[in-house]
Amino acid sequence: SGFTIVELMVSAFIVVLMGAAFVSIMKFSGYSMLSISQQTEFNYSAKNTAIQIIQSTRKSHTFEVTNEGNTLILSFDDDSETDADDDGDFYNDTDHQEIFHYAATAGNFPNDEGTLVEAETINYQASAADSPRTLVTNTQTLGDTPIFKINDLSSRQIDVNFELYDQLPGDVRTQRIDISTSAYRVNGL
């Protein structure tokens, strides 16, 4: 009328097995949700950085790429009715500059070969006197391509290329996003 010890052991084993399967499914689901959340955050950061560079470039009067393609300096004419530099032209003044700069920061992460390399950021300064604000972290160049490059076919166009890279906490998997876009200057000559 009762259970035998063998029956209890078999049923306990089945319960433990089902519990282990449930925990494994929950752990896998958690990693998947973390991965999806991080990928969404990466996409958002990359998009916002690219949009800010594109919008600022479109509004700029002139631009200059320096520091081997790591710095983009945009110049703006804040008042088109005033000839601030007294050269007789009202449309070519550079009243203020905005700066986008690709720079190394503290921290290391593994590259494709598993070697540790420095984490890097893209920073923005609303003017040369302002402190830089970090737009995106864990960036690196796409191969030998500089972050900022004046397009070979159009001197009014800037090509922007960078990669976001990160590793999930407690996981060996990594995520990457490659950004390759162009910004076309509408103002100025």
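Arg 176 is partly exposed, with 28% relative accessible area, where partly exposed covers the range between buried (under 20%) and exposed (over 50%), using a 1.4 Å probe and protein chains only. Its salt-bridge partner is Glu 163, and the closest N and O atoms of the two are 2.8 Å apart. The pair joins distant parts of the chain, since Glu 163 sits in strand E8 (residues 157–167) and Arg 176 in strand E9 (residues 174–184), 13 residues apart. Glu 163 counts as buried because its relative accessibility is 8%. Salt bridge here means a side-chain nitrogen of Lys or Arg within 4 Å of a carboxyl oxygen of Asp or Glu. Strands (E, at least two residues) and helices (H or I, at least four) are DSSP runs, numbered from the N terminus.

Before going on, a word about the model: it is predicted, with local features needing pLDDT of at least 70 and side-chain atom pairs pLDDT 80 or more, while totals for chains, interfaces and linings use all residues. Residues are numbered from 1 along each chain as its sequence is written, and side-chain values use heavy atoms, leaving out hydrogens and water. The mean pLDDT (the predictor's confidence in each residue, from 0 to 100) is 83, and 83% of the residues reach 70 or more.

The salt-bridge count comes to two. The other pair to look at is Lys 149 with Asp 152, whose closest N and O atoms are 2.8 Å apart. Lys 149 is partly exposed at 28%, whereas Asp 152 is exposed at 68%.

Now to the surface. Ile 5, Val 6, Met 9, Val 10, Phe 13, Ile 14, Leu 17 and Met 18 form a nonpolar patch with about 870 Å² of accessible area together, computed by the Shrake-Rupley method with a 1.4 Å probe, only the protein chains shown counting as cover for residues. Patches take residues with over 30% relative accessible area and no salt bridge, joining nonpolar side chains (Val, Leu, Ile, Met, Phe, Trp, Tyr) within 5 Å and like charges within 9 Å. Ile 5 belongs to helix H1 (residues 5–59) and is exposed at 60%.

Finally, the backbone. Most residues other than glycine have a negative phi. Asn 67, in the loop between strands E1 (62–66) and E2 (71–76), has a positive phi of about 60° and is partly exposed at 41%. Asn 138 has a positive phi of about 55°, but counts as buried at 18%.
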